[in-house]
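Q: I would like to go through this model term by term. Please set each value against its definition.

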Amino acid sequence: MKRMIASSLVVAALAAGPAAAEDYKAGSLKIEAPWTRATPVGSKVAGGFMKIENTGKEADRLVGGSATVAGKFEVHEMAMIDNMMKMRELAGGLEIGPGKSVELKPGSFHVMFMDLKETLKEGDKVKGTLKFEKAGTVEVEYAVRAMGAQGGQMKKH
Amino acid sequence: MRLVRNALWGAVLAALLSVGAVVLFQRVQTGDGLPLAARIGGPFDLVTHDGTRLRSESLKGTPFAVFFGFTYCPDVCPTTMLELSNILKRLGPDADRMRYFFVSVDTERDTPEHLKLYLSNFDARIMGLTGTAEEIAAVARSYRAIYQKVPTSEGFTYNHTATMYLMDRNGRLASTISYQESEETQLQKLKRLINGN
């Protein structure tokens, strides 16, 4: 019975969508399924998304990072307010409180790849790092999803 | 004395009623209950992504859609252009009966050539428009669109209105599309505009 449940979970996971991106650990932080989106030719920017869970007793902050395809990297917050798209850099980083998880997703918190050196294509992988105040630097890989993908773990629109 | 007072009240009442009628008329006129509609939009003369100039007078008789964005926009702009492209495909030949404009608010980085390259990813009927900082500011003002340059540690980005303006064949606001309205609603709004009702 247990095995049946397990295998049906595997099937469900496989059915859920494109290649499950990996999860990463840095100290007490768990970084789930980083992803980004295919970019239009000529675009110099792309957002990076993931869920970060803090299982520790202390708050940590995402303060920076890098991506091999990008010249620059920033931590941003976007919001739609009265039909206006507002974007700002989180100069002090993004806090992940103890026992909390924060989702970086379109329309909200995200990392920003700037000065893109190449066009990102669906199905590609993008290597990079994330830098945390306490947990330090961790290497991650972003799965490139379709242009306009809106996220949700593994969900493809 | 009382007669005068009554007459005055009568005048006040009449004035209120006529204001109400005008407001009501505007709301009825604009369909979507947008009292500002009559004042949104206006003439423009900008540079297309092909490097030629486009004057709004040349659009007379043709409905059009206007979106303010920039190519260094990571989310809202490509998503909006992608959705619009999908809808134009669904509209088929009817889509040729109106025009579609992407007005860049980033006059520093978005040259006509760069706009052309960027828009080559999307439906070929979407045309990029640019101009001097003053020209773009004037167009945005006439559409009541807002944009603000936002410095970041490594560069700059923009806050901007993400509404798509749907203008009728006389250049008057017919409707708007908000960011990520359902594809079906967007399609219906464009159909309504193309068919002139």
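Q: What percentage of the 197 residues in chain B is buried, and what makes a residue buried?
A: This is a predicted model: local features need pLDDT of at least 70, side-chain atom pairs count only at pLDDT 80 or more, and totals for chains, interfaces and linings use all residues. Residues are numbered from 1 along each chain as its sequence is written, while chains are lettered from A and ligands numbered from 1 in the order in which they are written. Buried residues are 36% of the 197 in chain B. A residue is buried if 20 or more other C-beta atoms lie within 10 Å of its own, exposed if 12 or fewer, and partly exposed in between, with C-beta atoms placed from the backbone.

Q: How many helices and strands are in chain B, and what makes a run count as one?
A: Chain B has five helices and nine strands. Both are DSSP runs, numbered from the N terminus: helices are H or I with at least four residues, strands E with at least two. The order from the N terminus is α-β-β-β-α-β-α-β-α-β-β-β-β-α.

Q: Why are helix 2 and helix 5 of chain B called oblique to each other?
A: The two pack at an angle of about 60 degrees, with axes 10 Å apart. Axes are lines fitted to C-alpha atoms, for helices over the stretch in contact, and angles run from 0 to 180 degrees between N-to-C directions. Under 35 degrees is roughly parallel, over 145 roughly antiparallel, 65 to 115 roughly perpendicular and the rest oblique. Helix 2 and helix 5 of chain B are therefore oblique.

Q: Which residues of helix 2 of chain B meet helix 5 of chain B?
A: Glu83(B), Asn86(B), Ile87(B), Arg90(B) and Leu91(B) in helix 2 meet Glu183(B), Gln186(B), Leu187(B) and Leu190(B) in helix 5. Contact requires C-beta atoms, placed from the backbone, within 7 Å.

Q: How many residues of chain B are in contact with chain A?
A: 28 residues of chain B contact 26 residues of chain A. Helix 2 (76-91), helix 3 (112-119), strand 6 (147-152) and strand 7 (155-161) of chain B each give two or more residues to that side.

Q: How do you know that strand 6 of chain A pairs with strand 7 of chain B?
A: Pairing takes at least two DSSP bridges between two strands. Two bridges join strand 6 (residues 84-89) of chain A to strand 7 of chain B, and the strands run antiparallel. Met84(A) stands opposite Thr161(B).

Conventions:
Contact = placed C-beta atoms within 7 Å.
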